[in-house]
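Please consider the following model by way of its strands, its helices and its aromatic rings. The paragraphs below take these topics in turn.

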Amino acid sequence: MLEAQKLSGITWTMVTQERVTTGSAGYANIKHSDNMQPDQKMHVGSVTKTVLALGVLRLISQGQLTLDTDVQPLLPQLQFNNPWQNNAPVRVKHLLTHTAGLDNIRMWQFLSKTPTPNTPLLHAFPSDSSDLLKIRTEPGTQYSYSNMGYTLLGLVIEAVTNQRYEAYLDQHLLIPLGMLDSSFEFSAQHSDPRLAMGYHENQVAQAAVPVYTRPAGQLTTTAPDMARFIQFVMGDGVIDGEQFVHPDLMDKLFYFEGTDADKAGLKIGRGLAFANRDRYGVVGQCHPGTTFGFRANICLFPEQKKGYFYAINTDSESADYEAFKALFAELLNLDHNEITPPSTSQIDMSALTGLYVLSPNNMAEFEFLDKVFGPAWVTASDNQITLHSLQSAPRILHHIEGGLYRDSERTQPSHVFFSSTAGNKLLSNGLKTFKKIGVIDIALDWLSLLLGLCGFVYILVTALFRLTTKRSAGFRRLQWSLMNLLALAIPTALFLNQSFLAFGDITMASISLALVTMFLPVSLLHSLWQCYQQGWGVKGSLRDGIFLMSAIQLCCVFAAWGHLPAIFWR
């Protein structure tokens with residue numbers, strides 16, 4: 001499978017009541033021809049969150065926190081922009097379950113060469129953090145994955161323990177669990193020869209990279225250590241006769257009630273540490289992980305007392321990682337769930353059909369683009385729903401009861417339609433929520449985008465044609481707009497010649513992109529003014545003006561959504 005997917009190496013563990021099996025295949029370091037070892041140290045990306053969550057639950061078990069602790073008083077340096085603050089403050093349970101309503105991450109928090117392994121966590125949230133910490137949905141009501149949320153949990157740990165979160169978790173969580181080869185501290189290949197080298201496509205090596213949001217994805221571990229973690233999580237929370245994590249909290253690791261989708265009857269969602277995944281005929285409690293040069297996944301089946309973990313030292317956009325999940329599910333010889341049968345009664349689904357957009361989307365700085373390119377549309381026939389999208393093949397949803405539906409490739413109800421308190425029609429699969437919108441709403445966005453693109457193409461082609469054919473009067477009307485569009489080649493070239501890790505930094509590439517996009521509407525307006533000065537009756541002037549206005553309106557739309565000027569360091 002490694003060869004078929006063009007991946008470098010893998011280390012894994014499978015846990016059952018009878019035995020623990022670990023193994024490895026491929027290369028830990030291709031350049032040195034080092035074979036991957038079963039106890040090879042690996043980076044695991046967001047699998048980190050499952051382990052860190054257990055550390056928070058340990059603090060709660062010791063009485064230093066509660067699930068309902070209000071986060072704001074613990075972090076007075078930060079200001080949450082929470083419209084629901086009086087009735088629904090952000091609590092610890094919301095951060096654990098990704099229901100705080102926070103944005104996921106900003107580009108500068110993720111792709112930056114500025115942070116060091118010891119950069120204070122507060123640097124992930126600059127002094128004026130009200131925009132970063134804007135609460136987009138009422139805390140507790142909707143799941144929305146957030147790396148910033150788990151970074152805040154790192155700050156909560158530091159506020160409660162008065163020490164770096166890495167040091168606290170290494171000493172008071174990993175050592176008691178027997179995970180002696182694991183650490184939350186930053187680990188790099190040049191300082192730890194047991195750490196595998198990371199890779200991208202085509203075996204391009206990728207060394208370890210420190211990030212601002214390290215509590216959300218910085219853990220170095222091994223397959224044997226993760227086997228110990230799996231055994232503890234599927235146990236009773238006791239270590240050496242001591243109740244390490246309270247039984248009530250252990251029960252909530254895999255499922256935590258409270259979201260609107262849960263209240264509407266959907267039982268596929270998120271617990272305090274894991275998310276429910278209905279795949280390959282079984283429901284697992286899982287968490288994937290991705291970081292620079294690595295992919296990982298952990299999946300537990302508590303009722304069957306089985307689980308697996310794997311880490312692959314290649315982060316490839318073209319590889320089929322689902323194939324590995326299916327393989328481990330097969331190797332564990334899991335008992336399959338009974339498939340929930342569809343309802344036989346006929347119902348009127350006409351009210352459910354229509355267009356739905358992510359509400360909220362995962363990253364606020366790309367909200368407009370997600371609205372335009374990420375909508376889902378629902379059609380109904382023969383007592384079933386078909387869910388269409390631009391990103392994936394159509395999904396067939398069978399009606400179960402009420403607003404519950406089951407994906408044809410799932411065993412349990414997987415989607416639910418319900419109404420919000422504001423009267424919006426919502427669709428949720430437990431981990432994503434879509435809001436129904438009018439066709440005219442998104443049609444106007446598409447029309448704006450198409451007209452704007454037509455305007456820019458017209459300016460580019462027409463101005464170049466007039467330049468080459470020496471039609472000076474017509475060229476003068478468009479020359480500044482043409483120069484601005486051609487100037488986009490400067491940041492493009494600069495970005496291509498710098499590390500992708502510096503995308504969110506203030507560099508010549510990012511500064512030039514900000515300047516070029518900032519002056520774009522100015523150059524368009526200047527060209528429009530030239531059309532006016534030459535007179536609308538001059539040949540081609542009115543046509544130029546129409547296409548210039550098409551481009552200007554798109555600039556206005558992008559500016560209104562915060563996409564113009566294009567600045568990724570804020």
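Two strands are said to pair if DSSP finds at least two bridges between them; helices (H or I, at least four residues) and strands (E, at least two) are DSSP runs, numbered from the N terminus. In these terms, strands 14-15-16-17-18-19-20-21 make up a closed barrel of eight strands with antiparallel pairing. Neighbouring strands of this sheet are turned by 30° against each other on average, direction ignored. Axes here are lines fitted to C-alpha atoms, for helices over the stretch in contact, and angles run from 0 to 180 degrees between N-to-C directions.

The model is predicted: local features need pLDDT of at least 70, side-chain atom pairs count only at pLDDT 80 or more, and totals for chains, interfaces and linings use all residues. Residues are numbered from 1 along each chain as its sequence is written, and side-chain values use heavy atoms, with hydrogens and water left out.

There is also an open sheet of seven strands, in the order 3-2-1-13-12-11-10, with antiparallel pairing. Its edges are strand 3 (34-35) and strand 10 (275-279), each of which pairs on one side only. Strand 10 is joined to strand 11 (residues 282-291) by five bridges in the antiparallel sense; Arg279 has Val282 of strand 11 as its bridge partner. Helix 11 (residues 322-331) lies across strand 1 (9-15), strand 12 (294-301) and strand 13 (306-312), running at about 145° to strand 13.

Two further helices meet elsewhere. The axes of helix 14 (residues 472-487) and helix 17 (residues 541-560) come within 10 Å and cross at roughly 15°. The two helices are therefore roughly parallel to each other, a term that covers angles under 35 degrees. In contact (heavy atoms within 4.5 Å), Gly474, Arg477, Leu478 and Ser481 of helix 14 meet Ser541, Asp544 and Leu548 of helix 17.

Finally, a search of the whole structure finds 22 aromatic pairs, where rings of Phe, Tyr and Trp (its six-membered ring) pair if their centres lie within 6.5 Å, and planes under 30 degrees apart count as stacked, over 60 as edge-to-face and the rest as tilted. One of these pairs, Phe110 with Phe292, is stacked, at 5.3 Å centre to centre and 15° between the planes. This pair links distant parts of the chain: Phe110 belongs to helix 5 (residues 107-110) and Phe292 to the loop between strand 11 and strand 12, 182 residues apart.

Technical notes: Parallel < 35°, antiparallel > 145°, perpendicular 65-115°, else oblique.
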